[in-house]
Number of protein chains: 2
Amino acid sequence: MRRETDPQSLKPFFEPREVVIVGARRSPGFGFILPLALQRQGWGDRLYLVNPAGGELHGLPVYVRISEVPGDPDLAVVIVPAEAVSGVLEELAARGIKNVVVESAGFAEVGKGGKELQERCREIARRRGLRVVGPNCVGVVNTENRFSTVEVVEEALTPGPVGVIAQSGVFGNILLDGLHQQGVFISKAVTLGNRMDVDECEVLEYLHADPQTKVIMMYLEGAAEGRRLVKTLRRVTADKPVLILKSGRTAKGREATASHTGSMSGEDELYEAVFRQTGAVRAETLEELVDLARVFSTQPLPRGNRLGIATSSGSLGALATDAAAEAGLVLPPLSPDTEGRIRAIAPRWMNVRNPLDVGPSGAYLPAMKALLEDPGIDMVLSIMVMPYAVFREFQLRGVSVHDFLGSAVGLRELAPEKPLVACSLGDRGFLEELDRSLGPGIPVITSPERASRALAALHRYRSFREKLR
Amino acid sequence: MRRETDPQSLKPFFEPREVVIVGARRSPGFGFILPLALQRQGWGDRLYLVNPAGGELHGLPVYVRISEVPGDPDLAVVIVPAEAVSGVLEELAARGIKNVVVESAGFAEVGKGGKELQERCREIARRRGLRVVGPNCVGVVNTENRFSTVEVVEEALTPGPVGVIAQSGVFGNILLDGLHQQGVFISKAVTLGNRMDVDECEVLEYLHADPQTKVIMMYLEGAAEGRRLVKTLRRVTADKPVLILKSGRTAKGREATASHTGSMSGEDELYEAVFRQTGAVRAETLEELVDLARVFSTQPLPRGNRLGIATSSGSLGALATDAAAEAGLVLPPLSPDTEGRIRAIAPRWMNVRNPLDVGPSGAYLPAMKALLEDPGIDMVLSIMVMPYAVFREFQLRGVSVHDFLGSAVGLRELAPEKPLVACSLGDRGFLEELDRSLGPGIPVITSPERASRALAALHRYRSFREKLR
């Protein structure tokens, strides 16, 4: 059985006073890159490097032994061969450093020998009271104080409301590389790796209590302890949405995760039931996980499941309608008032109904406005596409998408209690300009089906929360 | 009952001698843009403009009446108000122009009055032997002779093997705007609109016979005639894959299509059965339709369902494996020879199995090579991700992804009979460089699940074809 731990024992992972890098080195690899990255992030004066070779690296002295490190470090990042990790843990404990990120691979994920190594390290950590993230991971990120053991671009350190838990190191890294380009900004992130000590439940508790984190997204290969995961999810989802992508849906997929992070991912039906009962929001695909993170971190929860769609393409409207209906949303008729308002400005050929196909009428904004103000509508999807030829005409005349959508800026404020998502596709230049014009408060999703599913997920989570009352 | 028509009567839509635009005009809209676009495409000397106002437009004379148009036009594009279309059709017939694209909207899609207008036009077309595409469409594209009534960017006119049938005009236009940026290049495209005369079956037959078209992609809201669609699909899929996205899966979605192109989209179960029996490949989402077009137009059909996966991220490998298994593919063990070849170069921590997680070993190319040459593997998925930090190190040292993957160029030729798809995600700059490096012959899909499903679709279609033998 697992000992009880204090979530606050994780704090130095995110807010260290000073940091030691064990295994800093001159040759290419993370031992070379990480000190540089931490210097760039403003941690140069709170950084100590250790390598038996000694000397100097990136203008910093390299200490030969951990015991020689001066100052007041409370976190170590370990990047040494797997065989050397147990010795390093003993030395860190002796030096009084209690929090350790072990990035090294070559443990449980490589079979019997690695499992033994990992068990030995775990025993040392328990005995010496260390808290360990990893092994086989890339560590942690905190955007608030710009502390990141994962080297990412500057923009990825823009503070945001999304907490990230990724079991795998490489995957977590890749995810963080791309999220900011998809409008998802993070508060804190952890890659757990083989979970020798710290697991997803502890991090969930930590992010639950973290005031910067409003939404949690998680990639899981298998629960460390099933029952504890159920209890933890129940507690956390009562306050914050937890979005989960779980691999190992099939027997073959489960085999793959076993040899990757040493996870026993278990039968998928069990997980499906766990997620449903605990109000966790399951993503079917990686793309959906990112959609959910973007929509949950920017939109309010809807009061009900009544969706209004405005679209400039009838086909895309039909595709979005299919996906919405399949995901449990309804498209109610427009209220008489809304219908009247739209008829007053609509050309003769326009069908004034829901989904509302405004076609090339340019009646976008009034339509969206009317839907947002309709008391029978709980959330709005706006499918905004423009043939390239029309977009270019605008460009030639010096009219930007932003000019065209000028008053869209006020839209979000018109009904702050209703989720509003945009969907667009077509020419990449148009998409980029639309995204800029709508700003960070209105997500643009490039698939009508995914846009509908993300809105439906908001509703499902809201319903779950309602039932808890 | 439908009269029998000769598919070759569609030829002037794609290969007109000369073209008349009825409704060319000075005010913004397609009547202004289309003549300009055709001039840019090199059709300026085979173009006649008609408008009762007369005068001159874009340096061309504007004829007041159709009967005054000189030369030898065999195709007309009509962009006049719906009420004026029947008169225009009579005049075109009198002038001896038999093929007509009616772009005007305001027909069956707007209800009873529109339906009557459309019926009157249809009757005229039948009586006078006209062939009509539309109304409520944006017409046709032929990349071979650069004839396009849809204004698209230059790159979208790059000739390719994909024939496109889109029922809706706006949607077809948007689709064409983006396809080239997703590596899909087209032969011919038609937007059918309300299908007053020409329908999807006739176009399927035409593309079936078209030597430039190797793959057909189709967006359908409802079949014009169910039985004929079954017969036509059977004939066409025996030689060329037909990829179909069908909306109206739900009752609400069907209502939406009815008010859009006036289609009765029918029960989805029927369509599902039709597609399965006829070997048509159904896409579940719009994104999947584009994936399928890219993969079917660049990859061979596999001999079997045995997939080999090489990945630098174990998690992405697990997600791809789940999706592949769910879609009917198997991941067989590696052959002893392949295993030996990989073990010889693999670091100790690497699990030599399928999916093959090469991690950060850099052993990508040898792994892909070994999978391509393994006689027990029918197709290969290569998940190529690289943390931004590593990518930047390469960049700083002047090493491009192309240099890194140098010998990837020969990969495609190593096993030309095996489908090879790449998957990547992360930093956008890396993705773009990877796409360029791999070249047009190896599709890069930014979702592990979608990449697996596209490969599974290749196998399903191949199995269907095998059973026909």
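1. Is Arg195(B) buried or exposed? Arg195(B) counts as buried, because 28 C-beta neighbours lie inside 10 Å. The cut-offs: a residue is buried if 20 or more other C-beta atoms lie within 10 Å of its own, exposed if 12 or fewer, and partly exposed in between, with C-beta atoms placed from the backbone. Arg195(B) has a positive phi of about 55°, although it is not a glycine. Its place is the loop between strand E11 (186–191) and helix H6 (200–209) of chain B. Helices (H or I, at least four residues) and strands (E, at least two) are DSSP runs, numbered from the N terminus.

2. A note on the source. This is a predicted model: local features need pLDDT of at least 70, side-chain atom pairs count only at pLDDT 80 or more, and totals for chains, interfaces and linings use all residues. Residues are numbered from 1 along each chain as its sequence is written, while chains are lettered from A and ligands numbered from 1 in the order in which they are written.

3. Chain A has a positive phi to check as well. For His58(A), a residue other than glycine, phi is near 50°. His58(A) sits in the loop between strand E3 (56–57) and strand E4 (60–63) of chain A. His58(A) counts as partly exposed because it has 15 C-beta neighbours inside 10 Å.

4. Next, the cis peptide bonds. The bond from Gly134(A) to Pro135(A) is cis, with omega near -5°. Pro135(A) belongs to the loop between strand E7 (131–133) and strand E8 (139–142) of chain A. In chain B, the bond from Asn354(B) to Pro355(B) is cis, with omega near 5°. Pro355(B) is in the loop between helix H12 (336–345) and E16 of chain B.

5. E16 also belongs to a sheet. Five strands of chain B form an open sheet in the order E16-E15-E17-E18-E19, with parallel pairing. Two strands pair if DSSP finds at least two bridges between them. Strand E16 (356–357) and strand E19 (444–445) are the edge strands, each pairing on one side only. Strand E15 (residues 307–311) of chain B runs parallel to E16(B), and two bridges join them. Ala310(B) has Leu356(B) as its bridge partner in E16(B).

6. Helix H13 (residues 364–373) of chain B packs against part of this sheet. Its buried residues are Ala367(B), Met368(B), Lys369(B), Ala370(B), Leu371(B) and Leu372(B). They pack against E15, H12, E16, strand E17 (379–383), helix H16 (411–414) and strand E18 (420–423) of chain B.

7. Chain A is assigned domain 1 (7–295) and domain 2 (300–468). Such bounds come from an automatic or database domain assignment. The C-alpha centres of the two domains of chain A lie 38 Å apart. Eleven residues from domain 1 and 13 residues from domain 2 make the contact. Two residues are in contact if their C-beta atoms, placed from the backbone, lie within 7 Å. Helix H10 (residues 286–298) of chain A gives the largest share of the domain 1 side, six residues.

8. Between the chains, 63 residues of chain B are in contact with 64 residues of chain A. H11(B) gives the most to the chain B side, with ten residues. That side divides into 26 nonpolar, 23 polar and 14 charged residues. Here Ala, Val, Leu, Ile, Met, Phe, Trp, Tyr, Cys and Pro count as nonpolar, Asp, Glu, Lys and Arg as charged, and the others, Gly among them, as polar.
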